[in-house]
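Here is a short report for a reader who is new to this structure. Look at the sequence and the 3D view together, then read on.

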Amino acid sequence: MSGRSDREARREERLREEEQTGTAERRQKLIKVGSATAFLALAAVAVLIVISQSQTSGGDSNNIQRASEVNRDLQGIPQNGMGLGNPNAKTIVLEFADLQCPVCKGYSEEVLPQVIESRVRSGEARLEFRNYTIIGSESKPAGAAAIAAGKQGRGWNFVEIFYRNQGSEDSGYVTEEFLTAIAKAAGVRDIAKWNRDRKSERVLAEVAASTSQAEELGFTGTPSFALKGPGTSGLETLGTPGSASALEAAISSAS
Amino acid sequence: MKPPAEGTLRGIATFLATFGIGVATYIVIADSGGGAPVCIAGGHGCQTVAESSYSHLAGVNVAVFGIAGYVLLLGCALLRGDGARMASFAISLVGFGFSLYLTYLELFTINAICQWCVVSAVLMTLLFATNTIRMLGYVGTNR
């Protein structure tokens with residue numbers, strides 16, 4: 001009787017030891033799998049970082065791209081200062097944007113061309129570019145350079161070519177060489193005058209004033225739009241219309 | 001040192017992941033309206049970060065990836081077993097690593113801090129710590 005219970009006790013102990021050994025082995029094995037998983041997870045992070053970094057190219061003063069395309073698209077549309085379109089148009093659309101802003105770049109490439117062709121080229125509305133410098137310190141000299149180009153009737157060419165060659169924000173790409181290359185590609189004829197203008201107190205104050213105006217209008221992002229016309233009661237804010245047709249509809253109701 | 005009970009760790013992870021879903025969803029909603037999250041303490045930090053090219057990955061707001069990560073982590077926190085322990089560890093490691101990178105960008109590249117992004121980074125760090133303790137403490141056990 002006692003011999004049998006001893007055997008059972010030993011058996012139970014052996015089973016317990018085997019279970020513990022099995023669990024320990026299983027844990028060891030799973031922790032090794034966990035280490036491999038950690039390696040894969042870190043590889044996934046590296047891939048995400050590479051994707052994130054690769055989407056910010058541009059900003060190369062020796063390789064200004066798509067200038068001829070921009071100059072061709074804007075050809076024949078009157079420009080006055082930072083205004084694009086009929087200077088006597090009754091409807092005026094103000095675009096508050098930052099030249100370093102990638103969302104503005106996307107808007108400029110995907111939404112504005114349709115509006116420019118349908119409403120600006122026809123003379124129905126005039127589009128006015130206003131600096132709203134929120135990205136960083138390099139936005140101000142870029143904005144001032146655009147205004148200076150506008151004084152020679154090439155403001156919109158400058159803005160659009162800048163967007164198409166935009167670099168990573170505040171990465172140091174907005175150099176004298178880069179701005180000069182954009183100005184030349186935009187067709188600014190008198191570079192010496194453009195240099196004087198863009199560094200003048202008056203132009204720099206204009207950049208600051210339009211940024212203050214955007215804040216006073218309650219805008220929290222770029223690009224943001226406001227418009228005025230016969231159908232509006234003064235300057236009305238639009239925010240960021242989601243599509244070209246939404247902006248066209250707003251122009252229609254303002255006209 | 002004995003780790004906390006797995007139920008406690010799962011409860012903490014559930015709370016953190018739910019909170020994270022709320023924060024990331026707010027960022028996506030604020031961004032989708034063409035605006036930016038509102039910084040509670042004022043300033044333009046959230047706006048500057050939202051306007052940055054780094055706020056999107058392959059055209060998708062990074063907060064959308066954040067929502068997906070937090071939802072997966074919530075699922076792992078609610079499930080038992082080794083699969084959930086390993087998955088929660090791996091997902092939170094990816095989230096933690098990417099949060100570190102985004103915080104680095106805010107500090108040294110964008111030169112602006114968005115409080116909502118900081119909250120999300122802290123949540124992801126806590127989730128990584130919680131899920132690492134859970135994985136190392138309980139993987140391979142039958143509990």
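Two residues are in contact if their C-beta atoms, placed from the backbone, lie within 7 Å. By that rule, Ile64(A) touches Ile161(A), Asn165(A), Ala181(A), Ile182(A) and Ala185(A), not counting residues up to four places away in sequence.

This is a predicted model: local features need pLDDT of at least 70, side-chain atom pairs count only at pLDDT 80 or more, and totals for chains, interfaces and linings use all residues. Residues are numbered from 1 along each chain as its sequence is written, while chains are lettered from A and ligands numbered from 1 in the order in which they are written.

**Chain A overall**

Helices (H or I, at least four residues) and strands (E, at least two) are DSSP runs, numbered from the N terminus. Chain A has 10 helices and 6 strands. A residue is buried if 20 or more other C-beta atoms lie within 10 Å of its own, exposed if 12 or fewer, and partly exposed in between. Of the 255 residues of chain A, 41% are buried. Take the contacts in chain A between residues at least 6 apart in sequence: 78% of them join residues at least 24 apart.

**Ile64(A)**

Ile64(A) sits in the loop between helix H1 (2-54) and helix H2 (67-74) of chain A. Is Ile64(A) buried or partly exposed? It is partly exposed, because 18 other C-beta atoms lie within 10 Å. Ile64(A) and Phe162(A) are 98 residues apart in sequence, yet their C-alpha atoms are 8.8 Å apart in space.

**Helix H5 of chain A**

H5(A) is mostly covered, with 12 of its 12 residues buried. Among them are Lys140(A), Ile147(A) and Gly150(A). These buried residues pack against strand E4 (125-131), helix H6 (155-164), H7, helix H8 (191-198) and helix H9 (201-216) of chain A.

Now take H7(A) as a partner. The axes of H5(A) (residues 139-150) and H7(A) (residues 176-186) come within 11 Å and cross at roughly 25 degrees. Axes here are lines fitted to C-alpha atoms, for helices over the stretch in contact, and angles run from 0 to 180 degrees between N-to-C directions. On the H5(A) side, Pro141(A), Ala142(A), Ala145(A) and Ala149(A) meet Leu179(A), Ala183(A) and Ala186(A) of H7(A). The residues of this contact divide into 7 nonpolar, no polar and no charged. Ala, Val, Leu, Ile, Met, Phe, Trp, Tyr, Cys and Pro count as nonpolar, Asp, Glu, Lys and Arg as charged, and the others, Gly among them, as polar.

**Two helix lengths**

The expected span is 1.5 Å times one less than the number of residues.

| Helix | Residues | First to last C-alpha | Expected span |
|---|---|---|---|
| H5(A) | 12 residues | 17 Å | 16 Å |
| H4(B) | 29 residues | 40 Å | 42 Å |

H4(B) is followed by Asn111(B), whose phi is positive, near 60 degrees.

**Where the chains meet**

The contact takes 28 residues from chain B and 34 residues from chain A. On the chain B side, helix H2 (45-51) and helix H4 (82-110) are the elements that give two or more residues. H4(B) gives the most, with 10 residues. The chain B side divides into 15 nonpolar, 11 polar and 2 charged residues.
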